[in-house]
Amino acid sequence: MYQVFTPKRLRGICLFKESCSNHVCRLTKESGYQAGIKAFKFRIKNCRPNYFIMEKNGQVLLITAQNEVIEEEYIDKRIIMKEQTVTKL
């Protein structure tokens, strides 16, 4: 519903490479309703402001507001680029 009714210009940047709505839809189709609900709960809990980006051993990590660690391969590149721009200033 979100993707159908919310214009792209009003959507925020998802922290994750695969948007939350796409992720939940995909998992529900692939693994069933319970997997979709579990993914939805995780994303709703962790896809929020107050995260921070850190680098450890050459790997970029995103630490969510709930202290979940998200590895670089799952982070949207726009989030990493935004952080690097802020850090360089």
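What percentage of the 89 residues in the protein chain is made up of buried residues? Buried residues account for 25% of them, where buried denotes under 20% relative accessible area, exposed over 50% and partly exposed the range in between (1.4 Å probe, protein chains only).

The structure is a predicted model, in which local features need pLDDT of at least 70, side-chain atom pairs count only at pLDDT 80 or more, and totals for chains, interfaces and linings use all residues. Residues are numbered from 1 along each chain as its sequence is written, and side-chain values use heavy atoms, with hydrogens and water left out.

**Figure 1. Overview of the protein chain.** The protein chain contains four helices and three strands, arranged along the sequence in the pattern α-α-α-β-β-β-α. Helices (H or I, at least four residues) and strands (E, at least two) are DSSP runs, numbered from the N terminus. Of the contacts with a separation of 6 or more, 39% link residues 24 or more positions apart; a contact denotes heavy atoms within 4.5 Å.

**Figure 2. Asn57 and Asn67 in their loops.** Asn57 is placed in the loop between β1 (52–56) and β2 (59–63), and Asn67 in the loop between β2 and β3 (69–71). Although not a glycine, Asn57 has a positive phi of about 55 degrees; Asn67, also not a glycine, has a positive phi of about 65 degrees. Most residues other than glycine have a negative phi. Asn57 counts as exposed because its relative accessibility is 78%, and Asn67 is exposed because its relative accessible area is 60%.

**Figure 3. Phe40 and Val24.** Phe40 belongs to helix α3 (residues 33–46). Because its relative accessible area is 42%, Phe40 is partly exposed. Phe40 and Val24 are separated by 16 residues in sequence and by 5.8 Å in space, C-alpha to C-alpha.

**Figure 4. The second largest pocket.** This pocket has a volume of about 220 Å³. On a 1 Å grid over the protein atoms alone, a pocket is an open set of points where a 1.4 Å probe fits, with protein on both sides within 12 Å along at least five of seven lines, and lining residues have an atom within 4 Å of a point. The volume is the space filled by probe spheres set on the points, which are joined across faces, edges and corners. The lining consists of Phe16, Lys17, Glu18, His23, Arg26, Phe42, Arg43, Ile70 and Tyr74. At least two lining residues come from each of α2 (20–31) and α3.
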